[in-house]
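Grab a pencil and work through these exercises with the structure open beside you. Try each task before you read its solution.

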Amino acid sequence: MAITESETSVAINIQLANCGWRLNPRESNRNVFQQQAQTKKQNKKFGGNRPDYVLYAHNDSDAPTIVIEARRPGKPMSKALNDAIEKYARKIDAPIAIATDGWRVKTWHIPTNAPLFIDGHEVDELFSPDMAQYFSKDNNFGSFAKEVVLTQNELIAKFKKANDILYHERIDAGIERFSEFANLMFLKLQMETKGEIAGFTWTDIENKNGSGLLKAVKSILRTIRQEHGSDLFENPKITNPKNMERLIDILSSFRLSSVRDDIKGIAFEHFIHSYTRGRKNDLGQFFTPRHIVRMMVGFLKPRIGETIYDPFCGTGGMLIECFRYINQHIETKREKEKLKKETLFGRDSSSVARIAMMNMIMFGDGHSNIQRGDSYASLGETKNKYDIAITNIPFSQRTDIIEGYPVVPTGNVNGDSIGVQHCLESLKNKETARAAIIVPIGFLYKGELEKERKHIFENWCLNKVVELSPKCFQPYTEQQTAVLFVNRKQKNVVNFPYYRVKNDGYSQDGYRIPLPGENDIDKVMDENGYENNPVDLELPSHFKRLHLIHNKHDEFMLEDVAEITTGSGRISPKTNFIDVQNGQHPIMMVADLARHHIDYHLTESQYKITNKAVKTKRPHLFGKNAILIPVTGKASLKNHRALLGIPSYATSTLAGIEAKPDGMHPFCLFHFLLNFDIESITYDLGYPGIQTSILKQIPIPNYTDGEQQDIIQRIQKCINLEKQLKETHKINVSGEGVIFNE
């Protein structure tokens, strides 16, 4: 659902007003000017161009502080930001440039030539005039300069101390233990923002000890329970006053409201999953990083009047982002009430649902629509009920509940199937109904889920697929995932874009350090991804990598011009030494390819197999000029390639590509594969690999006769040169050691 330019402007206006900017042109003290600057002199410098917004943070001064460029449909955010900088901000010496589409925000601090940061995180929301005054001088702001601001690891360390304390209270590890601590965190957060609850401030609690402290905490929780219901706050299970004192000391050591929501969320999830005696993934749940959720919400574009459902809501992060999005697009009290009471719905099977309720209260929408329960079993209650479903399904779960679902799953782990089906079946029967669902990458290609994919193709509209980096869910898993964006079937759509996110804005390691500037999610959100080719739906057994199929008249699929065969799995030189003892026939392995990375004339193998192994195990013999590439393990990510100079066998870690008779010359195939990024069709479930069924579908250019002749001549020159180099630098092994021929 596209957002119009006028809707974008309304959203920007609402956000600016909420931040304390004055937009009313009738007021003499307004500090926001639309389509113009404040003075004629400044407007003249624009050379006829009209800025969307010019903001003046300094009272009694016509010196501009911020220029905002609204990103329009079809215009990349990077281009909008560049326009804000070059066309407007620099012209009038405004120190800050901002681009926004009403949801995403990109900033630039012109004096330091860098983005704006708050507590080390790149600014992604509009901010107040006071903040703008600070940013006019410096691009880094510490939100609580006199308070202790924690990093993710520091907060996790404090939570670990809390876990150790609760262990001595004999409270079960994981969610139950965290729920007990969450009661106190909720009190701390509420008191930081409201100051007083039930006649107590946080300072009052800090000053109490022993039985008086226990009594005060119970009294406050009783008041909250009366206000919000007994399903949210249970009686505290902590009975040892000293343990309560230690927990209060931990929470008093920092300001919890100064910690970013995504850092709190990661620490929450770490607490829940890290202290369960090895049962870390029993729930199949992982905290979804905020920037991924923002991407999902940005695509869904929820509107007031629509109902939004997360059947596996965890701590409520996705519903909170939906709340934020809608709240930035509405103004009236009636709409605010509708958002609070009639818009957001969530369910979770564990007591972590209580944490979601707490989070929702803190964000102002209430908690009455968050329930604890088994979503798999609730289809009768949710079927055709919601406008939007957004979730991260529990991964690799088992459920016996299949009644009412259109596809009966196969395999031992069927929760992936029922999880996705539940989301889709819960959508209203209307064209605008839509879903964003995070699934494990295996959902896109596993054979046991083929029926589910076929069902989606035939009954729904797969709008787009976004494959995420394996590092997205660090620090507790490298499970690779993808996001399915699905709509109610409107017409026979035959293509959808497939996006592959490698740079998600954070370092691709366990540290996950923020990387400023444009990233792949920005490109995806701009609908201008670098890998957004349409997918042909004629072969519905796979989602993954089908974006490589093009059916253009000037292209073939690889299987049209070549035979693709994997090497033998029955021969393993490293484990079956008898197959290679005194062998005569070369058998290629990954190590043989890796020796030169690119080999135009591969003739030497580390091992040779015997006549008996050839006769009894019948491995496939690849002919001269066959092309070998690795298809399993980390080597499949390395783009190793070799052109065989002699007939040879190969192990199962390699695939051979042999040109069909009277077809494309093998040198042309090799030329193409030298320039094709094999990693783009590699899946990664902790152990990377390439499926030959996907390899067969790579599009090959239909080279003209002239192009083929030119390629053949160039490859032949490379072959001749490699022969000379190998002969010149051939290694001889003698009793005196290794000797290089000169």
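**Exercise 1. Work out how strand 9 and strand 12 run relative to each other, parallel or antiparallel, and how many bridges join them.**

Step 1: find the two strands. Strand 9 covers residues 308-310 and strand 12 covers residues 388-392; helices (H or I, at least four residues) and strands (E, at least two) are DSSP runs, numbered from the N terminus. This is a predicted model, where local features need pLDDT of at least 70 and side-chain atom pairs count only at pLDDT 80 or more, while totals for chains, interfaces and linings use all residues. Residues are numbered from 1 along each chain as its sequence is written, and side-chain values use heavy atoms, with hydrogens and water left out.

Step 2: check the pairing. Two bridges join strand 9 to strand 12, and they run parallel. Two strands pair if DSSP finds at least two bridges between them.

Step 3: pick out one bridge. I308 has I388 of strand 12 as its bridge partner.

**Exercise 2. Which strand order does the open sheet of eight strands have?**

Step 1: write down the order. The strands go 11-10-9-12-13-15-14-16, and the pairing is mixed. Strands of a sheet pair through backbone hydrogen bonds, either parallel or antiparallel.

Step 2: look at the edges. Strand 11 (370-372) and strand 16 (498-500) each pair on one side only.

Step 3: From one strand to the next, it averages 20°.

**Exercise 3. Which strands of the sheet does helix 16 touch?**

Step 1: list the contacts (heavy atoms within 4.5 Å). Helix 16 (residues 415-425) packs on the sheet and touches strand 9, strand 12, strand 13 (434-440), strand 14 (460-467) and strand 15 (481-488).

Step 2: compare directions. Helix 16 makes about 170° with strand 13; axes are lines fitted to C-alpha atoms, for helices over the stretch in contact, and angles run from 0 to 180 degrees between N-to-C directions.

Step 3: see how covered the helix is. Eleven of the eleven residues of helix 16 are buried, including D416, H422 and E425. Buried means under 20% relative accessible area, exposed over 50% and partly exposed in between (1.4 Å probe, protein chains only).

**Exercise 4. Which residues of strand 10 lie on each side?**

Step 1: use the strand pattern. In a regular strand the side chains alternate between the two faces of the sheet.

Step 2: sort the residues. L344, G346 and D348 are on one side, F345 and R347 are on the other, and all are buried.

Step 3: follow the neighbours. Strand 10 (residues 344-348) runs parallel to strand 9, with three bridges, and Y309 has F345 as its bridge partner. Three bridges also join strand 10 to strand 11, in parallel, and G346 stands opposite I370 there.

**Exercise 5. Why is the pair of Y134 and F141 edge-to-face?**

Step 1: recall the rule. Rings of Phe, Tyr and Trp (its six-membered ring) pair if their centres lie within 6.5 Å; planes under 30 degrees apart count as stacked, over 60 as edge-to-face and the rest as tilted. By this rule there are 14 aromatic pairs.

Step 2: apply it. The ring centres of Y134 and F141 are 4.7 Å apart and the planes are at 80°, so the pair is edge-to-face.

Step 3: check the surroundings. Both F672 and F676 are buried, whereas Y134, at 33% relative accessibility, counts as partly exposed. Y134 and F141 also form one aromatic cluster with F127 and F135.
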